[in-house]
Amino acid sequence: MHTPINNRSMKLTFPAILLIAAMAFSLPAMAATWQELSPQQQQILAPLANEWSSLSKKRQDNYIEIAKRYPQLTPLKQQRFQEQIVTWAKLTPEQRQRAREKHQSLKQLPPEKREAAKQALREQHARKHPFAASAVQPAAPAP
Amino acid sequence: MKNNNLTPDSIRQHLNHSAAQMDSDTVESLRASRNLALERHRALQHAPVQAWLTHHGLWAGGSHSHHKHVYLALAVLLSLCLYSGAVYLQHDRDHADTTDIELLTDDVPVDAYAD
């Protein structure tokens, strides 16, 4: 026999479990404000500070994840990152998307063709920006 | 029993007559069964999920502990669905992360890719 208390508690238990589960999975979906980033993340992502609030939550998550991975990068890649993110911050969302797509398409190429394509991009870039210092550190030559 | 001229009224009379002749134990047993059936019917009306499960043969009625198990199973199922969604989103995010971090650590200027 069901007592009224048991029936009521069971009716409350199920929605409560659903609510807790939904909250548990929705917590990561909340966008972070710039102030909520750690000082280290703010330092790594500093060039993006001005546009942070206008970024989509997905993009914010991307950059936070990148900032988390940053300490594991080699010193050379950290240096490249610091240089590249300054330029990256100046690009429009459309330019960034184009860059992602072109980078992805180059990744599909075999290594020798990929390197040739990258060299062509470097040369094309140097012609377009003759006064731009070659800030990006090239890979160390193979011994 | 002659049943050539059965009408609702005659059936009711037969039933009343037969019921009056039943012994008290049988009457009590029937009354208890009726009350149990009514109680289950009321419970199903107030628990649409259970009613749906009963209708589809996934629930045969049961004790309070059975209710708990079904609710728990449904909660676990929903949690698994939510978890699968979260894993999918995480996978999608990881893919984008890889692209961005590769771009930003590449030895080709990022604006060269954007030109």
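Keep in mind that the model is predicted.

I'll start with chain B. Its secondary structure consists of 5 helices and 0 strands, so along the sequence the pattern is α-α-α-α-α. The chain has 115 residues, and 23% of them count as buried. Its accessible surface is about 8,100 Å², with 61% of that belonging to carbon and sulfur atoms.

Now to chain A, and two of its helices. Two packed helices are described by the angle between their axes and the distance between the axes. Helix α4 of chain A covers residues 75-90, and helix α5 of chain A covers residues 93-107. Their axes come within 8 Å and cross at roughly 130°, so α4(A) and α5(A) are oblique to each other. On the α4(A) side, the contact is made by W88(A), A89(A) and K90(A). From α5(A) come Q95(A), R96(A), A99(A) and R100(A). By class, that contact has 3 nonpolar, 1 polar and 3 charged residues.

Last item: D107(B). Where is D107(B) found? In chain B, in the loop between α4 (64-104) and α5 (110-114). Is D107(B) buried or exposed? The relative accessibility of D107(B) is 12%, and buried means under 20%, so D107(B) counts as buried. The side chain of D107(B) also has polar contacts with side chains of chain A: one of 3.4 Å with K118(A), and one of 3.1 Å with R122(A).

That is what I had on these two chains.

Conventions. Residues are numbered from 1 along each chain as its sequence is written. Chains are lettered from A and ligands numbered from 1 in the order in which they are written. This is a predicted model: local features need pLDDT of at least 70, side-chain atom pairs count only at pLDDT 80 or more; totals for chains, interfaces and linings use all residues. Side-chain values use heavy atoms; hydrogens and water are left out. Helices (H or I, at least four residues) and strands (E, at least two) are DSSP runs, numbered from the N terminus. Buried means under 20% relative accessible area, exposed over 50%, partly exposed in between (1.4 Å probe, protein chains only). Accessible areas come from the Shrake-Rupley method with a 1.4 Å probe; for residues, only the protein chains shown count as cover. Axes are lines fitted to C-alpha atoms, for helices over the stretch in contact, and angles run from 0 to 180 degrees between N-to-C directions. Angles under 35 degrees count as roughly parallel, over 145 as roughly antiparallel, 65 to 115 as roughly perpendicular and the rest as oblique. Contact means heavy atoms within 4.5 Å. Ala, Val, Leu, Ile, Met, Phe, Trp, Tyr, Cys and Pro count as nonpolar, Asp, Glu, Lys and Arg as charged, and the others, Gly among them, as polar. A polar contact is a pair of N or O atoms within 3.5 Å; within protein, one must be able to donate a hydrogen and the other to accept it, and residues adjacent in sequence count only if both atoms are side-chain atoms.
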